[in-house]
Amino acid sequence: ADFSRWAVLVVAGDNRAHNGNPSKVFDNARHELVKAFAGLGFRPQNMAQFAVTRDASAQYAHIPAIANTLRDLTARAPAGCLIYATSHGVPEGIVMDEEVWAPEKFGAMVDKACGTKPAVIVMSACYSGQFVPALEGGNRVVITASRADRTSCGCGETNQYTFFDDCF
């Protein structure tokens, strides 16, 4: 498959372990995923990375910047959308630093930027199944780390990746 004209967004929404201590678990996944996607033929110039940590390879994970960047990426790379978000999840949504991104708002961002283009959306967070109704569509594959009412595992300060990110 030719993924050279797909927009790719990879977001690491936090830099803390479940206990609040510093952790690189989400950033580690972000770094490895970008390399893996490039190896599959996604073009680096059509990729954007966001993180809470200060890193030359990523922009700061602020929700409006993420939405604007995805919109710009899909204009430049119109063939499809690949979105991967890894962070803590809570029953109300996915954590982006000090904010919580609700499924409906995340879904609206994807609808606006990706529209009817084919899209693969991966939500790696506790309670991430809650995003399925807001993201599902005939042109989309939505993969989540857990059901809407369950936690996922592996965001401790000694983990390299979350268990889901490691499997992915």
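1. Basis of the note. The model is predicted, so that local features need pLDDT of at least 70 and side-chain atom pairs count only at pLDDT 80 or more, whereas totals for chains, interfaces and linings use all residues. Residues are numbered from 1 along each chain as its sequence is written, and side-chain values use heavy atoms, with hydrogens and water left out.

2. Secondary structure. The protein chain contains five helices and nine strands. Helices (H or I, at least four residues) and strands (E, at least two) are DSSP runs, numbered from the N terminus. Read from the N terminus, the order of elements is β-α-β-β-α-β-β-β-β-α-β-α-β-α. The radius of gyration is 14 Å, close to the 15 Å that the globule rule gives for 168 residues, so the chain is as compact as a globular protein of that length. The radius is taken over C-alpha atoms, and the rule is 2.2 Å times the number of residues to the power 0.38.

3. The C-alpha trace spans about 40 × 35 × 30 Å along its principal axes. Of the 168 residues, 49% are buried; buried means under 20% relative accessible area, exposed over 50%, and partly exposed in between (1.4 Å probe, protein chains only). The accessible surface comes to about 7,800 Å², with 53% belonging to carbon and sulfur atoms. These areas come from the Shrake-Rupley method with a 1.4 Å probe, and for residues only the protein chains shown count as cover. Contact means heavy atoms within 4.5 Å. Among contacts between residues at least 6 apart in sequence, 65% join residues at least 24 apart.

4. Charge. There are 15 positive and 17 negative side chains, and the centres of the two sets lie 7 Å apart. Lys and Arg count as positive and Asp and Glu as negative, while His and the chain ends are not counted. Each charge is placed at NZ of Lys, CZ of Arg, CG of Asp or CD of Glu.

5. The structure holds eight salt bridges, a salt bridge being a side-chain nitrogen of Lys or Arg within 4 Å of a carboxyl oxygen of Asp or Glu. One of them joins Glu-98 and Arg-16, at 3.3 Å from N to O. This pair links distant parts of the chain, 82 residues apart: Glu-98 is in the loop between strand E6 (93-96) and strand E7 (99-101), and Arg-16 is in the loop between strand E1 (6-12) and helix H1 (25-39). Glu-98 counts as exposed because its relative accessibility is 63%, whereas Arg-16, at 26%, counts as partly exposed. Asp-14, Arg-16 and Glu-98 are linked in a network of salt bridges.

6. Two further pairs. Asp-27 forms a salt bridge with Arg-30, with the closest N and O atoms 3.1 Å apart. Both residues lie in helix H1, three residues apart, about one turn of the helix, and both are buried. Asp-72 forms a salt bridge with Arg-71, and here the closest N and O atoms are 3.3 Å apart. Asp-72 is partly exposed at 42% relative accessibility, and Arg-71 is partly exposed at 37%.

7. Asp-97. Which charged side chain is buried yet has no salt bridge? Asp-97 is, and the nearest side chain of opposite charge, Arg-16, is 4.7 Å away. Asp-97 counts as buried because its relative accessibility is 16%. Its place is in the loop between E6 and E7. Not counting residues up to four places away in sequence, Asp-97 touches Gly-13, Arg-16, Val-52 and Tyr-60.

8. Backbone angles. Most residues other than glycine have a negative phi. Asp-97 has a positive phi, near 60°. Tyr-127 also has a positive phi, of about 60°, although it is not a glycine; Tyr-127 lies in the loop between strand E8 (119-124) and helix H4 (132-135).

9. Ile-66. This residue of helix H2 (residues 63-76) counts as buried, at 0% relative accessibility. Leaving aside neighbours within four places in sequence, Ile-66 is in contact with Leu-9, Val-11, Phe-50, Ala-61, Met-96, Trp-101 and Met-109. Ile-66 and Phe-50 are 16 residues apart in sequence, and their C-alpha atoms are 7.3 Å apart in space.
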